[in-house]
Amino acid sequence: MKRVICPRCGGVCGVPEEARKRLLCPGCKAPLTENSTPQNSISRVWALLIAAAILYVPANLLPIFDMELLGRPSSDTILGGIADLFGSGMWFVGAIVFLASIVIPLLKILGLGFLLISTSRLGSVQARLASTRLYRAIESIGPWSMIDVFVVSLTISLVQFGRLASFSPGPGAACFAMVVILTILAARSFDPHTLWAIPEEN
Amino acid sequence: MDAIRCEVCGATQSLPSLEPRRRALCFRCKSEVARGPTLSLDAPLALCLAALIFWALANSIPFITLEYGGIIQTNRVFTGVTALWMDHQYFLSVLVGMTSIAIPGLQLSLACGLMLALRRGVSGGRLRPLSRLLAFIAPGSMPGVYLVGAFVAAVKLSQLATLTPGPGLYCFGAFALLWVIGLGSLDLEGVIEDFRPRRSGR
């Protein structure tokens, strides 16, 4: 038996040495996260992250819109839509979409990958503090990449003109939504304990 | 003095008694470990109830009106979800419906119910499953992101047609804003612990 302190109520709980399951505090039933082993968390995050990185490619290459304007069919990818916005002088909106749809997902994938690779090599307290801050930032910007999914849904609901124009979501839209969900799940699966697990160098 | 474990880095530390509205940061990783006791739930309860009223209004009155070549079309928030469903995009439809309408509404109702129960003297321990459910669904709630998405879609479509914001849009804006103020800084899991009578000997 080893003893851990419950993060919620502060009570001391005895847990088996080699606990594989998630254990709950006997007093307040809060999960004692120490027993979700760091190694478990790391491989789960890798799996989600690699799936997100793979889907990032079709999400950007395939059209998110299929549209037909006055009988002329055309389609629009994420980057194409941003280029249109910039082309017609709407810099501000273009920048919002560029940040939300291209930069944030990429930053999340690269940032989490960096955290996963660097966890075992962190020595100084400063490096760990910086990594913890990076982790918190990645976790909080997550939902903002959903903007383009909402834009697709609103556009197709607003534009229902029968023969004049029709919009429908392309295959890229579902891929993109999956990228957003997978990166949010990956960020939530990352156990920040791993950043502090190895004793500090002094 | 209580012993508490940082949920981010796992460091165990003693927690001094906190004044209301103060928060304690972990000595090692500088993440928030605890907040001062909440003396009154009046303000967050009022904000959440107001948000809930605007949520109901935003869902029931016209959101955006669009005019194109003599055709006038009025949309509600829910039209985006049904349009995606009609288009056989079930995954996107459910995703948009959940994150923009269903989960924020559920979250606000749960939070209001919880706070009302606490004020009526129900013990925190019995409400813990509810607060855990709230924490579980919280990442799926993104009304603010939806609002930005609506803005981007409106700007994109304004090249094509005349868009008039309906009263529902203003209600949705008020709802998103009140949601952020009311729920954004509310740590219901912590509030529940504060309302529990403290046990001695820990």
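The largest cavity of this predicted model has a volume of about 50 Å³, and the count of cavities of 30 Å³ or more comes to two. Residues of both chains line the largest cavity, with Ile64(A), Phe65(A), Asp76(A), Thr77(A), Ile78(A), Gly81(A), Ile82(A), Leu85(A), Val97(A) and Asp148(A) contributed by chain A and Lys156(B) by chain B. Helix 2 of chain A, which spans residues 78–87, provides the largest share of this lining, namely four residues.

Two or more lining residues are given by each of helix 6 (171–189) of chain A, helix 3 (90–119) of chain B and helix 4 (124–137) of chain B; of the lining as a whole, helix 6 of chain A supplies the largest share, with six residues.

In chain A, an open sheet is formed by three strands in the order 6-5-7, with antiparallel pairing. Strand 6 (72–76) and strand 7 (165–169) of chain A are the edge strands, each of them pairing on one side only, and the twist from one strand to the next averages 15 degrees. Five bridges connect strand 5 of chain A, residues 65–69, with strand 6 of chain A in the antiparallel sense, and within this pairing Glu68(A) has Pro73(A) of strand 6 as its bridge partner. Helix 5 of chain A, covering residues 147–158, packs on the sheet through contacts with strand 5 and strand 7 of chain A, and the direction of the helix makes about 150 degrees with that of strand 7. Asp148(A), one of the residues lining the largest cavity, falls within the range of helix 5 of chain A.

An open sheet of three strands is also found in chain B, where the order is 6-5-7 and the pairing antiparallel. The edge positions are taken by strand 6 (71–75) and strand 7 (162–165) of chain B, each of which pairs on one side only, and the twist averages 15 degrees from one strand to the next. Strand 5 of chain B, at residues 64–68, runs antiparallel to strand 6 of chain B and is joined to that strand by five bridges; the partner of Ile64(B) in strand 6 is Asn75(B).

A further antiparallel pairing in chain B links strand 1 (residues 2–5) with strand 2 (residues 12–15) over four bridges, and Ala3(B) stands opposite Ser14(B) of strand 2. These two strands of chain B form a hairpin with six residues between them, in which Gly10(B) adopts a positive phi near 85 degrees.

With regard to confidence, the average pLDDT of chain B is 84, and 95% of the residues score at least 70. Residues 196–202 of chain B, by contrast, have a pLDDT below 50, and this stretch makes eight contacts in the model beyond near neighbours in sequence.

Key. Residues numbered from 1 in each chain as written. Chains lettered and ligands numbered in written order. Predicted model: local features only at pLDDT ≥ 70, side-chain atom pairs only at ≥ 80, totals over all residues. Heavy atoms only, no water. Pairing = 2+ DSSP bridges. Axes fitted to C-alpha atoms, helices over the stretch in contact; angles between N-to-C directions. pLDDT = per-residue confidence, 0-100. Contact = heavy atoms within 4.5 Å. 1 Å grid on protein atoms, 1.4 Å probe; cavity = no way out; pocket = protein on both sides within 12 Å on 5 of 7 lines; lining within 4 Å. Points joined across faces, edges and corners; volume = space filled by probe spheres on them.
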